[in-house]
Each structure stands twice: as C-alpha cells, then as structure tokens.
Amino acid sequence: MSATTVYKVTGMTCGHCESAVTEELSALDGVTAVKAVATTGEVTVTAAAPLDDEAVRAAVDEAGYELVGRA
C-alpha cells in the first residue's frame with residue numbers, strides 16, 4: 001500500500017527548482033513518485049510507506065529549499 005503526502009516547500013521559483021527537489025526526494029528509500037510545483041510550493045510525494053518528516057526535511061534542505069510542513 002502506498003502513502004501520498006503533500007508538503008509545502010518555500011524557495012522554489014522555476015522548473016530547475018522543481019527538478020532539484022524532485023531529485024533529492026526521489027533518492028529517499030521507498031519513494032515511487034514526486035511532483036513538485038514551484039507556483040504553489042507544493043510537493044506531492046508517493047512512497048511505499050509513510051515517510052519520516054525529518055528525512056523529507058533533510059532532502060529538501062539538501063536541494064537548497066525549506067520544508068514548511070505538510071500542506
């Protein structure tokens with residue numbers, strides 16, 4: 001069973017930003033899909049099991065953006 005969570009991320013302004021966030025989050029264990037939308041600041045992550053929020057925060061940090069929380 002997969003879990004889909006929507007997160008709010010600040011700092012994304014363009015397609016490159018979306019790609020950077022998508023790439024980092026896709027590297028997390030169990031993640032099967034990531035959809036980042038710069039205009040809304042929302043990142044939808046689908047994974048095999050619910051993700052640890054701190055792991056998500058670290059991945060977003062690594063990409064150079066800030067995780068605000070769940071949308």
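This is a predicted model: local features need pLDDT of at least 70, side-chain atom pairs count only at pLDDT 80 or more; totals for chains, interfaces and linings use all residues.
Residues are numbered from 1 along each chain, and side-chain values use heavy atoms, without hydrogens and water.

Helix 1 (residues 15-26) and helix 2 (residues 53-63) pack at an angle of about 140°, with their axes 8 Å apart; helices here are DSSP runs (H or I) of at least four residues, and strands (E) of at least two. Axes are lines fitted to C-alpha atoms over the stretch in contact, with angles from 0 to 180 degrees between N-to-C directions. Across the contact (heavy atoms within 4.5 Å), Ala20, Val21, Glu24 and Leu25 in helix 1 meet Val56, Ala59, Val60, Glu62 and Ala63 in helix 2.

The count comes to 2 salt bridges, each defined as a side-chain nitrogen of Lys or Arg within 4 Å of a carboxyl oxygen of Asp or Glu. Asp53 and Arg70 form one of them, at 2.8 Å from N to O, and this pair links distant parts of the chain, with Asp53 in helix 2 and Arg70 in strand 4 (residues 66-70), 17 residues apart. Arg57 and Glu54 meet in a salt bridge at 3.5 Å from N to O, and because these residues lie 3 apart in helix 2, about one helical turn separates them.
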